[in-house]
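Please open the structure in your viewer and display it as a cartoon.

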Amino acid sequence: MESGPESGLSGAPFGCFDRAGAGRHSPAMAILKIARMGHPVLARKAEPVKNPADPGIQNLIASMIETMIDANGAGLAAPQVHVPLRLVVFQAPESRSDTLSEEERFDHTAPLTVLINPEIEILGPETEGGWEGCLSVPGLRGFVERPNHIRYRGLDQNGQPVSRVARGFHARVVQHECDHLDGILYPRRMNDLSQLIFESEVRHWLKAESE
Ligand code: NI
């Protein structure tokens with residue numbers, strides 16, 4: 001995730017991958033470079049997508065999916081690939097058994113969702129803590145408390161409305177990705193920064209917890 005090719009997307013949210021003949025049914029794909037914490041694109045508020053059918057948007061969606069899978073992420077937001085637009089992709093099963101395993105390979109058979117101009121509504125007061133990682137914060141995991149019952153709305157890749165209720169890990173992924181659209185990385189959601197740790201040290205943490 002740190003050695004991807006330089007993309008031509010920086011500062012060019014529309015018309016990216018301007019390849020002749022690339023339409024919405026034959027999007028050009030590329031693995032994009034992922035912005036890391038400290039890059040200003042991750043700290044700003046992203047702009048709404050005006051036209052989901054724009055070939056540049058369709059190409060961006062295809063490339064974000066390819067990039068997310070290549071990087072073994074559960075989700076990816078457009079600002080993470082240097083495009084300040086309100087667009088996220090994610091693959092979220094209802095739950096996953098061990099969120100801390102270094103060897104974990106994300107389950108890419110989970111349903112893939114493309115969400116354009118998303119909005120989140122919190123449906124209940126209950127919160128839940130869980131370990132999060134982020135492709136823009138490589139090597140780290142942090143324990144984050146979030147609402148665990150939400151509804152999200154937006155448009156899919158065809159511009160059709162999406163409205164879904166989510167709980168647990170699914171709700172966590174959606175909130176994490178949508179935070180990126182408002183310039184928020186998960187460490188800012190943490191209550192206790194002693195629970196921000198390197199993945200390589202997770203085994204010590206788990207040992208300490210079980211003692
Ligand atoms: Ni992230």
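Begin with the whole protein, which is a predicted model. It contains 3 helices and 8 strands. Followed along the sequence, these elements come in the pattern α-β-β-β-β-β-β-β-α-β-α. Of the 211 residues, 37% are buried. Among contacts with a separation of 6 or more, 72% join residues 24 or more positions apart.

Next, select strands E1, E2, E3, E6 and E7. They form an open sheet of 5 strands in the order E1-E2-E3-E6-E7, with antiparallel pairing. At its edges lie E1 and E7 (161–167), each of which pairs on one side only. Between neighbouring strands of this sheet the average turn is 40 degrees, direction ignored.

The largest nonpolar core comprises 42 residues, and Met-64, Ala-78, Val-88, Val-89 and Val-174 have the most contacts inside it. At least two residues of this core come from each of several elements, including helix H1 (55–70), strand E5 (140–147) and helix H2 (168–181). The greatest contribution is that of H1, with 7 residues. In soluble globular proteins, nonpolar side chains tend to be buried together.

Finally, centre the view on Val-174. Which residues does Val-174 touch, not counting those up to four places away in sequence? They are Phe-90, Ala-92, Ile-120, Ile-150, Tyr-152 and Ala-166.

Definitions and conventions:
Residues are numbered from 1 along each chain as its sequence is written. This is a predicted model: local features need pLDDT of at least 70, side-chain atom pairs count only at pLDDT 80 or more; totals for chains, interfaces and linings use all residues. Helices (H or I, at least four residues) and strands (E, at least two) are DSSP runs, numbered from the N terminus. A residue is buried if 20 or more other C-beta atoms lie within 10 Å of its own, exposed if 12 or fewer, and partly exposed in between; C-beta atoms are placed from the backbone. Two residues are in contact if their C-beta atoms, placed from the backbone, lie within 7 Å. A nonpolar core is a set of buried Ala, Val, Leu, Ile, Met, Phe, Trp, Tyr and Cys residues joined through C-beta atoms within 7 Å. Two strands pair if DSSP finds at least two bridges between them. Axes are lines fitted to C-alpha atoms, for helices over the stretch in contact, and angles run from 0 to 180 degrees between N-to-C directions.
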